[in-house]
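Hi,

Here is the structure I said I would pass on to you.

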Amino acid sequence: MELQELQTHLTEWLNEAITAFQKVPGSAVLIRYVRSSYQNDPVRSAIELVLVIFFIRYLMAPAYSTSKQNFIKLTDDEIDELVDEWTPEPLVPNMTVLEEMESEKLPIIVGATGPKSKLANGRTVTNLASYNFYNLNANEQIKEKAIQTLRTYGVGPCGPPQFYGTQDVHMRAEADIANYIGTEGCIVYAQAFSTISSVIPAFCKRGDIIVADRAVNYSIRRGLEISRSNIRWYAHNDLDDLERVMAKVVAEQARTKKLTRRFLVTEALFETTGEMNDLPHLIELKEKYKFRIMLDETWSFGVLGRTGRGLTEAQNVDPTQVDMIVGSLAGPLCAGGGFCAGPKDVVEHQRLTAASYTFSAALPAMLAIIASESLHVIQENPEATLGVCRENIRLMRAQLDPKSDWVICTSAPENPILLLVLKPQVVEARRLTAEDQERLLQEVADECLANNILVTRLKGGPITTHMGLKDNVYTATPALKVCVTSGLSKKETEKAGIAIRHAITKVMTKKGNNKLGVPTA
C-alpha cells in the first residue's frame, strides 16, 4: 500500500509540474522539440540536458572558491627561514680580476670631451679613446644651434614618435639624412644600439631565413635572437663561403617547395675587426640568389666615402640597391640616436612595427638638430673634416703598424678606429691565451695613460648567443683601440703614435711578460 501511495503522490506531483510548466510562454514549443528529439535521437537529448545544466551551474558559480584557501599558510618562523635561504640571482656577473684591476684605474674625464681632455686627478691627456673623429663637439656653429633648440623645445619630447613626441626637427633630420645618403626615406630612432636590433625583427619573422656574418656585433645578434628566424652563418668576411651558404638555402627551398623571405645581414666596417666589406660583391650575390640586404653602417656612416656617405659612396654603389641602411648618429656626428634609410615603404613599415621606435620616447630635439647641423658642416667642406682626419689616420698607422715588432693593425686604411692586435708569431711564440693578451693590452693602456695618452681596449669578450644561435660562438681577438681625431695637429698625432709604440715595446719586453724570450719580428 505504501508503494502505491508513493506512486500516486509522484504522479500527482508530476501532473502539477507539467500543468505549471505548460502555463509558461513557449513551453509547448519546447515540449514538442524534446519529444521529437527523444524519438529521433535520445542520446542527443541527454547530452543537451547535461550541457544546459553545466551552463546554468557555470553562470551561478563564483569566479573562485571563497570557502577554501588555495594556498599554504606559513608561520612567521617558516617565512623568515625561507627568506634567509633565498639567494637572488645577480643582475650582472661578478667582475673578473682584469675587470677589477681596470675599474680601479679607470680614468674619469671632467668637463667637455675633446682632443685634449682633463681628468679628475687634474692631468690633461691626449684623448684617443672617443669617437670624436672630426672634433665637431667643439664647433661653435653646432653649439649655438644646440643651445637655441634647447631653449625652444626643452630637454626631451617626453612622448613616443607618431604621437606628441614627433616634432618638426625630427622630420627635418630624417629628410637631411635621406638626402645625404641618397635614399627615398629615413626613420630616426632614439637609441643607436637598439636601432638594428629593432629593424631586424620588424621585417624578419619565424620561418624566415637570415644569413649573417659570424663576426657581426652584439646589437645585430640581439636583433637576430628577437626575430626567431632561421639563422645561417658564414665565415667572417668570406664571400665565397657566403655564396655557398646562400646557394644551399636556395637549393633547400627549391627542393621542399617552401619559399620564405631571405635576408643578408652584415656590417660595412666590422666593429670587432675594423675590416671593410665588399659591397659590390654583396649586391651581386643578393641579386643572384634573391635576398634582401640589411647593411649596418654604424661605424662607417660619416667616415667612408669622399663626403662621408658611407660604404655605398666609398665603393661606388647606388644606395637604392641596398634594401636597408642602418647607422648611428652618436659617433662622428656627435649627436645621438640611430636611423634606417631605404625605400619609403620600408621606412613607413617600421613606424608601426619597430619596437624601439613605437615603445620609446622620441629623440630629444637638440640631438636631432645636432645631427642635421653636423651633416651640413661635413657637406660644406669635406676636405676640412674628413681630409684632415684621414691624414692623421695615415700618420698614426705609419707609427704603429709597420714600425712595431709586436702589433699589427686589422682596421681598414680609412677607418679612424685603429684596432691593434698582437702579431700571430708573438702569440704563438709566447703561448699567450686570450686572458694573457687582454692583460698585456691593459698594461699598454695604463702605460700610455702614464705618458698622458688616453687609449682603451676592444671590450666584449666571447660573443655567445642563445635561442637558436648558440651554434655560433665568436670570440673577438683582444685588441688595443686607438681613435684618431682631426682635432690634433700632424705633429701631435705623430708624437702620440710614437708614445703608443714605445709603450707597447716597454710592456712586451718587461721582465715577467716575456715567457719565452723576445721573438723575432
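**What I found**

Asparagine 135 sits in the loop between strand 3 (124-127) and helix 6 (140-153); helices here are DSSP runs of H or I with at least four residues, strands are runs of E with at least two, and both are numbered from the N terminus. Asparagine 135 is not a glycine, yet its phi is positive, at about 55 degrees.

Before you go further, a word on the source: this is a predicted model, where local features need pLDDT of at least 70 and side-chain atom pairs count only at pLDDT 80 or more, while totals for chains, interfaces and linings use all residues. Residues are numbered from 1 along each chain as its sequence is written, and side-chain values use heavy atoms, with hydrogens and water left out.

Asparagine 452 also has a positive phi without being a glycine, near 65 degrees. You'll find asparagine 452 in the loop between helix 18 (434-450) and strand 13 (453-454). Asparagine 452 is partly exposed, with a relative accessible area of 32% (buried is under 20%, exposed over 50%, partly exposed in between, using a 1.4 Å probe and protein chains only).

Serine 356, in helix 14 (residues 355-358), is buried, at a relative accessible area of 13%. What does serine 356 touch, leaving aside its neighbours within four places in sequence? Its partners are Tyr189, Gln191, Ser194 and Ser198, where contact means heavy atoms within 4.5 Å. Isoleucine 196 is 160 residues away from serine 356 along the chain, but their C-alpha atoms are 9.7 Å apart.

Now for the whole chain. There are 19 helices and 17 strands. The radius of gyration is 34 Å, well over the 24 Å that the globule rule gives for 521 residues, so the chain is more spread out than a compact globule (the radius is taken over C-alpha atoms, and the rule is 2.2 Å times the number of residues to the power 0.38). The C-alpha trace spans about 125 × 60 × 60 Å along its principal axes. Of the 521 residues, 45% count as buried.

Last, the domains, whose bounds come from an automatic or database domain assignment. Domain 1 covers 97-127 + 383-509, and domain 2 covers 141-380. Their C-alpha centres lie 27 Å apart, and 21 residues of domain 1 are in contact with 25 residues of domain 2.

Cheers
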